[in-house]
Amino acid sequence: MKFLLAAVNAKYIHSNLAIYSLKAYAEEQRKNSPDSKPWRVELGEYTINQNTAEILGDIYKRKPDAIGFSCYIWNMDTVERIVSLLHKIMPDTPVWLGGPEVSHEAELWLARLPGVRGIMIGEGEETFSELLDYYEGKGESLAQIGGLCYREADGARTGPAAGYGQQTGHIIESAARVEDMEEGGTHIRRTADRPPLEMSRIPFPYQGIFRRDAAADSERTEPPERVESSEKLKQNSFAHKIIYYESSRGCPFSCSYCLSSLDKKLRFRDLALVKEELQVFLDAKVVQVKFIDRTFNCRKSHAMAIWSYLAEHDNGVTNFHFEIAADLLDEDMLAVLSAMRPGLVQLEIGVQTTCGEALAAVGRKTDLQRIREMVGRVSSFHNIHQHLDLIAGLPMEGYGRFARSFDDVYAMGPDQLQLGFLKVLRGSAMREQASRYGLVYDDRPPYEVLFTDWLSYEELLRLKQIEELVETYYNSGQFKLTLKAMGHRFASPFAMFEEMAEYFAASGYFGLNPDREARYGRILSFLGERCPEYREVDRQLLTWDFYLRENAKKRPGFALDQLPWKERISCFFAEENKTDRYFPHYKGLSCRQLIHNVHLEAYTWDIPALAETGMVKERVMLVCYDYGMRDPLSYNSAVTIL
């Protein structure tokens, strides 16, 4: 017997922690239950970019006896389509849903999706394990399982073979635990909610994913049987994916737009378990582990223990991502963070808005001045990537006030500025308050706001364009000096991106997917119209940014002609090959090999001064870009001015 847990992820590099956790918990329970029948839990991971027919075909070929889908706002349209097709080609195979998208208004989802047998509500580990018991014949009725909303047609049998294609027999009811509603002759029933699960009861979700490496084990101080360790991932789907991990559940805050605020019971995984499991990732040298804890540093002792462990056991490769509240950082936490290897951790900080009225309207309590101070302190360490979030469309914040929030966060100098849009999620307090604030939103996932009493649809469209430009030109990190220099010519950062958006829209640039050089060409075109007196300077400014990141074989068309400096550049490489004065780390390489790792570019303007002060000064300089010595955070090459 086989139960297939299916996940449709947003991207190939993503994985789905939920289905791994459900599988691990169920298998652990069966390990301790000798009378359990041999139900096999199988996992299937797909993406929303795959052809629906391809996903459907894979599920069909696996021949599962029951199927479960993990549902989120980003995949619900795809899941709905697959479920409707499965109902046609596999009508006797029970289909179950779970996840945050269907845990709220579950009865409406069942009424909408006739091909679904039921929904697992909230945390699913125990519910799924008991659902397997039911299909194994150890439970007489679904009504005995907490955390379910399911359909049973009148006269449906309750035994393990009951799907929804052939239903006969007698319903066993438990009135004390089941609420009924009628839907065209079919009972839709909801059982009692489950209490929050103790985090340490959940087995390590990735048990068995890693292969033991004898050499790695010999270097460990703790007994090798405690964890599975390796130097490499198995040849499986995790080889090039982000690995998700959680050390806590629940959130101490009450933001009305967020479903995490509904879970007020904070629970933390035992630190001894966390350290063992993190060592698995460290031994395997995975690329990135992303903690999905809603506010990782809400308990100081927990955060400090984990950060200290990572700092002490750093493998020089793995990056760990944390979502934190910056205003909860203190001197002890900063001391640990400041000593970390560049790139060991990255921080995501949800500022959301700097408008006090908007913060009050959504029930968010935060110290904005403290956030500014802490972001600045972390930036001064030059070892941690910081990702700051903004939400457009919040109650009480119109277009002009959002522009101020944007400028406030931009001034903090984050490595990435995520401009998101309010999502009026099912089950959130914000959805209940939508009419109060005049929130009009899309009825389909992801339920993004269309307009509010403060923000018009036309203004929202303009913000969408600005979002695209911020993603392309700021978050890419490829235009840092150019944007810094541009900042001296505009009234504010928001005004700069607003003018860019107007120009790009008029030029028909939006909706296209330009190549690397075209992105530089478009901003040069914009600057040429906006600031024509700087055109020659801006060509060199963009050239600096281009070579700072790109070890390109082909010169960009906007770059300065290097012919007058050709002989000087050739002499430099010949001399450096003999003396190793500037690049001793390339000692022993031939001149050709050195040129492959280093690019030399001539400029006639002082580009660094232009970026810092906005002042245009003539200065002839030769600049070396060393691509073998890249910054681990920005990936920019090392720069030497000759």
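This is a predicted model: local features need pLDDT of at least 70, side-chain atom pairs count only at pLDDT 80 or more; totals for chains, interfaces and linings use all residues.

The axes of α17 (residues 516–530) and α18 (535–549) come within 10 Å and cross at roughly 155°. Angles over 145 degrees count as roughly antiparallel, so α17 and α18 run roughly antiparallel to each other.

**How α17 meets α18**

- If you look at the handedness, α17 passes α18 in a right-handed crossing.
- On the α17 side, the contact is made by R516, Y520, I523, L524, L527 and G528.
- On the α18 side, the residues taking part are R535, D538, R539, L542, D545 and F546.
- Sort the residues of this contact by class and you get 6 nonpolar, 1 polar and 5 charged.

**The second largest pocket**

- Helix α18 turns up again here, as one of the elements that each give at least two residues to the lining of the second largest pocket.
- The others in that group are α11 (368–381), α12 (399–411), α15 (480–486), α21 (607–613) and the strand β21 (638–641).
- Which element gives the largest share of the lining? That's α15, with 4 residues.
- The volume of this pocket is about 900 Å³.
- In total, 28 residues line the pocket, and G413, P414, D415, K480 and K484 are the ones that lie nearest its centre.
- By class, the lining comes out as 16 nonpolar, 7 polar and 5 charged residues.

**The cavities**

- How many cavities of 30 Å³ or more does a search of the whole structure find? It finds 2.
- The largest cavity has a volume of about 80 Å³.
- To find the largest cavity in the model, look for its lining residues: L17, S21, M199, I202, P203, P205, Y245, E246 and R269.
- That lining has 6 nonpolar residues, along with 1 polar and 2 charged ones.
- The second largest cavity holds about 40 Å³ of space.
- Its lining is made up of E576, N577, D580, F583, Y586, L589 and L594.
- Split by class, the lining of the second largest cavity has 4 nonpolar, 1 polar and 2 charged residues.

Key
Residues are numbered from 1 along each chain as its sequence is written. Side-chain values use heavy atoms; hydrogens and water are left out. On a 1 Å grid over the protein atoms alone, a cavity is a set of points where a 1.4 Å probe fits but cannot get out, and a pocket is an open set with protein on both sides within 12 Å along at least five of seven lines; lining residues have an atom within 4 Å of a point. Grid points are joined across faces, edges and corners, and a volume is the space filled by probe spheres set on the points. Ala, Val, Leu, Ile, Met, Phe, Trp, Tyr, Cys and Pro count as nonpolar, Asp, Glu, Lys and Arg as charged, and the others, Gly among them, as polar. Axes are lines fitted to C-alpha atoms, for helices over the stretch in contact, and angles run from 0 to 180 degrees between N-to-C directions. Angles under 35 degrees count as roughly parallel, over 145 as roughly antiparallel, 65 to 115 as roughly perpendicular and the rest as oblique. A crossing is left-handed if the near helix is turned anticlockwise from the far one by less than a right angle, and right-handed if clockwise. Contact means heavy atoms within 4.5 Å.
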